[in-house]
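Please go through the model shown here with this briefing beside it.

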Amino acid sequence: SAVKESLNVMKETSDWDFTEDYAVLLKVVMEQGGKKESVRMVSEIPDNRFYKSKVYADLSKILFDQGDNEGSKSAVKESLRMISKISDEYDYTKNWASVHLSKVLMEQGDKEESLRMISEIPDEYDKFEGYVCLSKVLIDQGNKKESLRLISEMKRNKSEVYEYLSRALMEQRNKEESFKVASKLSNNKKKFKVYADLSMILLDQGDNDGAKSASKVSFISASEIHDNYSKSMAFAKLFKLMLDQGDNDGAKSALKESLHVASKIRDEYNKSFAYANLSKVLIEQGDYKGVESILKESLNVNSEIKYDKDKSIAYREISKKLLEQGDKEKSLQLASEIPNGYSKCLNYLDLYKILKKQGDTEGAKFASRESFVSISELHLGGYDEASKSKLYADLSKVLIEYGDKEGAKSAVKESLNVMKETSDWD
């Protein structure tokens, strides 16, 4: 059967973390009424107690959802037995397994046993992560009061849970409580992001005034970010958000701040990337005139970048943006100037896809030819030749996707030739 074949493949894999795959297969088998077969499947997992405990926990969840409480309890017992057998030498895996099972127990409503398991974890960091995990389950269950009680007992940074809780409350249309929780955040980067997210949720709910209020707090938080790169990116996001809300004045202020802060970034690569991000936002809004001036500034910054790899990544981004806004000549010129051969290959692949979507057959053919030339000129040497083979393989996938069967065959042939020339066939 297909399930049996899937199991055989998983047993032969070198990647030990296949618990999610097992969980999917267990569900299929259980839906077919094969409880005994599911139990047998779990027992045949290679002798790795950590992963075995996780799969037993997943099995208990499936059985619980099907109303088989006794079967679910038995699976929990087996999971606990596996956890108890994990050597003390690998305490961290024992802790992770305990967190996974406690989450399943909380989802099933066994709060007492779930909390007991977390409280017995010896490592303070893993214990904290466990409490974070359980508080999120309680939030999803609508148990805000219990979740807040659990948060109050945490000794470490609580911001992750506050972020999660404020979003969940807003989605439940509890605006006042959501804002109250979000206000507890002290990190300005996180505060900016959370209020921006809350603003988007409120906009989707039709609460334009609430969305604008959240955006204002997000704007204030963004202005207090000390890292100029993050600050510029934050204002760029706010520019788009405020436009969506119809707040044109606020959007103009956000764009002005993003440009001003970007000009003060000292690292050339980050500076260029910030400009490229701004150009992308403007392209999405159809402001091609604004894009042109930003791209010019971005190119000026790129000329100052000292490292080929960083310059290549920046050039690649701008080349794509230029083509997307219809300036093919400048885009292809910039593509030819990319110093890093690997980045140049990837860029021509990107341009090929854009040109195909634009219906420019001749342009696409040119980009395809340049991809072949760029890959052939790569001299990586030794083990890295595998990257060259992969580039040809990636090129073949793109070409076949867009109907160029002959080109795809040539790329596959080149990929195989590179593999034959290397001693490492893995």
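The lining of the largest cavity is made up of four nonpolar residues, three polar and one charged. Here Ala, Val, Leu, Ile, Met, Phe, Trp, Tyr, Cys and Pro count as nonpolar, Asp, Glu, Lys and Arg as charged, and the others, Gly among them, as polar. The model is predicted: local features need pLDDT of at least 70, side-chain atom pairs count only at pLDDT 80 or more, and totals for chains, interfaces and linings use all residues. Residues are numbered from 1 along each chain as its sequence is written, and side-chain values use heavy atoms, with hydrogens and water left out.

**Cavity**

- The lining residues of the largest cavity are Ile 139, Gly 142, Asn 143, Lys 144, Leu 165, Ala 168, Leu 169 and Gln 172.
- Helix α10 gives the largest share of this lining, three residues.
- The volume of the largest cavity is about 30 Å³, and the count is one cavity of 30 Å³ or more.
- A cavity is a set of points, on a 1 Å grid over the protein atoms alone, where a 1.4 Å probe fits but cannot get out; lining residues have an atom within 4 Å of a point.
- Grid points are joined across faces, edges and corners, and the volume is the space filled by probe spheres set on the points.

**Chain as a whole**

- The chain has 23 helices and zero strands, taken as DSSP runs (helices H or I, at least four residues; strands E, at least two) and numbered from the N terminus.
- Buried residues make up 45% of the 426 in the chain, where buried means under 20% relative accessible area, exposed over 50% and partly exposed in between (1.4 Å probe, protein chains only).
- Among contacts with a separation of 6 or more, 53% join residues 24 or more positions apart; a contact means heavy atoms within 4.5 Å.

**Nonpolar cores**

- The largest nonpolar core has 23 residues, of which Tyr 348, Leu 351, Tyr 352, Phe 372, Ile 375, Leu 395 and Leu 399 touch the most other members.
- Two or more residues of this core come from each of α19 (328–336), α20 (341–357), α21 (361–376), α22 (385–401) and α23 (405–421).
- Helix α20 supplies the largest share of this core, seven residues.
- Apart from this core lies another, of 20 residues, including Ile 139, Val 161, Tyr 162 and Tyr 195.
- A nonpolar core is a set of buried Ala, Val, Leu, Ile, Met, Phe, Trp, Tyr and Cys residues joined through side-chain atoms within 4.5 Å.
- Leaving out residues up to four places away in sequence, Leu 395 touches Leu 349, Ser 371, Phe 372, Ile 375 and Ala 411.

- In helix α11 (residues 175–182), the buried residues are Ser 178, Val 181 and Ala 182.
- These residues are on the same side of α11 because they cover an arc of only 100 degrees around the axis, the arc being that of the directions from the helix axis to the C-beta atoms.
- The buried residues of α11 pack against α10 (159–171) and α12 (188–204).
- Arg 173 sits in the loop between α10 and α11 and is exposed, because its relative accessible area is 60%.
- Arg 173 is not a glycine, yet has a positive phi of about 65 degrees.
- Most residues other than glycine have a negative phi.

**Single residues in helices and loops**

- Val 137, in helix α8 (residues 124–140), is buried at a relative accessible area of 7%.
- Val 137 touches Lys 103, Met 106 and Glu 107, not counting residues up to four places away in sequence.
- Val 137 and Glu 107 are 30 residues apart along the chain, with 6.6 Å between their C-alpha atoms.
- Gln 108 lies in the loop between α6 (91–107) and α7 (111–119), and its relative accessible area of 15% makes Gln 108 buried.
- Beyond its neighbours within four places in sequence, Gln 108 is in contact with Ser 60, Lys 61, Phe 64 and Ser 72.
- The C-alpha atoms of Gln 108 and Asn 69 are separated by 9.9 Å, and the two residues are 39 apart along the chain.
- Ser 221 belongs to helix α13 (residues 208–223) and counts as buried at 3% relative accessibility.
- Setting aside neighbours within four places in sequence, Ser 221 is in contact with Asn 188, Lys 191 and Phe 192.

Methods: On a 1 Å grid over the protein atoms alone, a cavity is a set of points where a 1.4 Å probe fits but cannot get out, and a pocket is an open set with protein on both sides within 12 Å along at least five of seven lines; lining residues have an atom within 4 Å of a point.
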